[in-house]
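Have the sequence and the coordinates open side by side. The text below walks through the fold, strand by strand and then core by core.

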Amino acid sequence: MALCQGPCLWAFNNEQFTPEDWKNIVRVGSASKENKVEKIGKFGLGFNTVYHVTDVPSILSGNTLLILDPNVTHLTKHIKHKTNPGIKLDLSQQRLFHCFPGQFGSYENIFDCNFTRKSPPEPYPGTLIKLPFRSAEEAVKSEINPKVYQKHNILDFHHLFSKNSQTHLLFLKNIITLSLQNIPHNGSTPPRDNEIETIFSVSKTTVSAMEIPDDTSVSKQRHAEKSLMKLDGKCKGLIESCTVRIIQISSQQFNETKLQFWLLYNCFGTDESLKMALHKNKQTSFSLPIGGIAVPLQNDPETGKFTTLQTDLVGQAFCFLPLPIHTGLPVNVNGTFAVTSNRKALWETGVKNDWNKALLQDPVVTAYVTVLKALKKMSETKQLVSYCYYNFWPEREKVTETFKPLVDAFYSTIVDDSVGPELFSDGEQWFSMNNAIFLHESIENDEKIGDLAVQVCQKYAKGPNHVVPLPLWLRNTFKQAGLEKVLQNRTWNWEKFYREAVFSNLTTMDSKSRDTLVLHAIDLHIKEIDNLLLCHPCIPTKGGQLQHVRKLVNPSGKVACLFELKEGRLLDGSENDFRSPKRIQRLLELGMANDHLPLEDITEKAGTINKTWSIDKNKAFVHLKCLFELMKNHIYDKDSHHWKTLRTTAFLPAYSPGDAKMEGNVTLKRPTDVFSDKCSLLVNMTQPVLDNSNLKIHHSDPVLQILGVNSTPKPEVVRQQLHEGSKQAHSIDRAMLYKIAFECYKCLDKWICDSGNATYISQQASSFPFILIGDTFVNVYRVAENGQFEAKPYLHVLPAAFTSFRNLWKCIGVEKQFTITQFLTVLQELKAQHGNKPLPKSDLSVVFTILNKGIFEAEVKIMHDCLIPNERGVLQFASELFYNDSPWKPLTAGVTLCHENIPRVMARHLGIKTTRHHSLETHIVDDPSPLAFEFEQREELTVRIKNIISAYPSKKDILKELIQNADDAEATEIHFIWDKRQHGKVKTFGKKWNNLQGPALCVFNNKVFSDADIKGIQQLGEGGKHNTPGKIGKYGVGFKSVYHLTDCPSILTGDEILKD
């Protein structure tokens, strides 16, 4: 053991070993505290690290001294079994100190150890571990480690330990003081107090504590602690899971004191890690699910306020003690991790890996979020200054793979819709992800308007939303954590920025900021931004107001002449801003008017023509010509409602109705009320006609068609034109009147030909003087297409120039030749006009022309009583007049003769009776019945007679039939006389009677015919005696055989009536 009396490392703590600790400390390679959930380390694993520096460690605690000699090279005589290589001494036995004073002398005055000065010795009140550094002699024999721990090794150890000493106490639950002391090699035994030099010392104190700011989290921690009590009652109070503390770690070295401040919080798992701890696992058992976070702070001694510590901290993992594991986090992470045996790494496979992940995603994330909430609260209470909300947020790219699950879980918690913590800040207020607005990096990084954009967003973002700065690394971390979509939903790109913050606040924004942002929007060339530019009035104009892009007018463009400054349509600005060539081009691309104008604007300007017209007609015509040119660009947009508006807007100059020469007053009319000058001759008497000449627009221009300018008038309009022309014929130039009539007839003729519907025109044409004859219009019934004569002014022949419109004339009833109806109508008009007065010479001449050429020479059959001039020139019906063909006889009273200029043959044709015929009629029995009555036949009489006699082909049967008739009449005698005389032809009934004055067969019987006999004779083809028994023949059948001989038989019976 003499080899162990050299330089060594003493380790002291102020707590005694328990019996169980003594038992387990010798179980090399076995974790004796695995079932002690409240224990930090795994004794048996961690303690074995002492063999790096020594082969013979010893432990003094209470009345026990344990000396371990795994090589069995130092205590050979005292070790009974190599499986238990060490001795355990009971220091309550005084004799040990007398027997081995040298062995125990080294302990004297080491951390108040005084074995030799007290009798009996008191139990050592703490634990003192001695680690003699391995000498060269020991190293040769050592089976554990051949490394000699020389002075430089000790100095390296010293340097490393002192360098990292400040964090050793950070998460320890009990130890608050740590020091490293040195006793020089020439120091006395026992060492004097002045010989013990403190190289450095570290102490931990609590500066302040605060309850965690979330009641829900407190409740969960209480519940988890209660559940874990079932595993080990000692877990209560193990950590302060409801308190966040600010601790101060003070370190002294080389007479220099350094202070560190940490915001520290540990908590229990409440989710998956809690479940794993509560449910036993056959493969392993777990400690308590504890996670913690420590955030470095800096304290200003003058103000007492804290700030964030700007360090190069890359984050270290702790399992209460620091592990040689860098996490890449901006904070230190503590947890009851499953570490490898050498404590250099976390388990990354199997169930232990699952445990580590559960810790990172459960208590560690909870601690992380809670610490950030505490920082937020400190910031709100001004305890923490110069704090940016993301100062301690993890950057995933920098974090090692093992700890990336923590990062992902952390950010998932941050963005949680339901419980997302309010950890985002704009520097003034705090809010959750749901109320945070991030500007796209292209906006934040824009050198021209990046800062202005942030200011505008902060001013105009609608609550509860707030604009939050988001550095690029944080933006990328969100994406790498799989939260790109969530981030995207809360990120304002250019389009959303302009829509939400700019265009909805243009009227309240200062003009400089507004114009700067609008100009930038123009320069962006982004489709969505362009749409916003088009939807909002945002461009300054010379009128001083803001205008829509599509309402803008380039002051240098063709359409500028249509606009006044006060209208607020002309683009304002200079070549340095809105009127720079590039921006002019952009605005033109977006729809600013230059040489074209939207139909909406054209419509609007058309509505102002009336006002301009009243002030300056020449200017109005300039505007109109421009508008028509602009309209041509929209002829393919026929369905636009603006065309409909234009059609009903009075802006077209038109000649007033009745201005046949179109030289008079021009007024503004609606396009639909105006007719093209193409059809002026068809409408100008009743409708306004477009002033094409001053507009310099051809009637075939498609714009006129779309505007609804009438180019094809309906038959009704053409009829009205003719009607009005007929009324104003006396005041219209004859040549113009002819043109009007010609075009109207031509149009109607074509319409009838094309449509085939002639009813309307036929009806209307007869309602007014329709046909132009010379310089006046006459009614249809006074005109015929052709004629050998005219009876002006009553009957006219259609002018040759109009004869080609045959469809029209046929439709309206213009006769090919004058008809009897027309003649009679004229006669009736003259009768109505002159009554019983003699006709004037001119009218009498017209009447004779009609009677002679129109009726007699044309051999027109008169079916009605015709008006004829009598001997005094007064019109009377023909039935009332007589032609005197028996001048040798005196005129009967009441007989009126026709005019002397009417020859007998014409008189007879016109139905005028002769005086001779009149004389004959006076001797005709007025009522021959019952002795005579009209023949009754159901077919033409001559045809019927012809058919009857064909049944009696033999002429000899004629006499038999006459004999039979006499017999049936009960005559007793009958005589036949052949009269061969030729009688005179003067003073007969008439010329037609003269042919009956020649030879004849006369038949006599001595019996008078009865009425029944006469009736039977007249019933052609049916015997009159068929119902008379005893009668031989059938009167009416046999008698008809006489027609073999004559066409005009006559019967005289009773010497009273002659019947033929």
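Which residue of β14 is the bridge partner of Ile293? It is Val333. Keep in mind that this is a predicted model.

Start, then, with strand β10, residues 290-299. Eight of its ten residues are buried, so the strand is mostly covered. Several strands pair with β10. Strand β14, residues 332-335, is joined to β10 by four bridges. The two run antiparallel. Strand β9, residues 256-268, is joined to β10 by eight bridges, again antiparallel. Here Leu263 stands opposite Val295 of β10. Strand β11, residues 306-308, is joined to β10 by three bridges, also antiparallel. In that pairing Gln298 has Thr307 of β11 as its bridge partner. β10 and β11 form a hairpin with six residues between the strands. Within this hairpin, Gly304 takes a positive phi near 75°.

Strands of a sheet pair through backbone hydrogen bonds, either parallel or antiparallel. Now turn to another sheet. Five strands make up an open sheet, in the order β1-β5-β2-β3-β4. Its pairing is antiparallel. Which strands stand at the edges? They are β1 (8-13) and β4 (86-90). Each has a single partner strand, so one side of each is left without a neighbour in the sheet. From one strand to the next, the twist averages 15°. Look inside this sheet at β2 and β5, where β5 covers residues 124-132. Five bridges pair them in the antiparallel sense. One detail to find on screen: Ser58 has Lys130 in β5 as its bridge partner.

Asp55 is placed in the loop between α1 (19-25) and β2 (58-62). Is Asp55 buried or exposed? Its relative accessibility is 1%, so Asp55 counts as buried. One is with the side chain of Asn71, at 3.1 Å. Another is with the side chain of Ser142, at 2.8 Å. Leaving aside neighbours within four places in sequence, the residues in contact with Asp55 include Leu68, Pro70, Arg134, Glu138 and Ile144.

Next, the nonpolar interior. In soluble globular proteins, nonpolar side chains tend to be buried together. The largest nonpolar core here has 97 residues. The members that touch the most other members are Leu263, Leu375, Tyr389, Trp393, Phe424 and Phe478. Not counting residues up to four places away in sequence, Tyr389 touches residues including Leu423, Phe424, Trp430, Phe438, Val468 and Leu474. A second, separate core holds 40 residues. Among them are Cys679, Leu682, Ile752 and Trp809.

Last, the cysteines. How many disulfides are there? The count comes to zero, since a pair of sulfur atoms must lie within 2.5 Å. For Cys113, the nearest cysteine sulfur is that of Cys8, 12 Å away. Cys113 is buried, with a relative accessible area of 1%. For Cys242, the nearest cysteine sulfur belongs to Cys267, 9.6 Å away. Cys242 also counts as buried, at 5% relative accessibility.

Key
Residues numbered from 1 in each chain as written. Predicted model: local features only at pLDDT ≥ 70, side-chain atom pairs only at ≥ 80, totals over all residues. Heavy atoms only, no water. Buried < 20%, exposed > 50% of the residue type's maximum accessible area, 1.4 Å probe, protein only. Polar contact = N/O pair within 3.5 Å; in protein donor to acceptor, adjacent residues only side chain to side chain. Contact = heavy atoms within 4.5 Å. Pairing = 2+ DSSP bridges. Axes fitted to C-alpha atoms, helices over the stretch in contact; angles between N-to-C directions. Core = buried A, V, L, I, M, F, W, Y, C linked by side-chain atoms within 4.5 Å.
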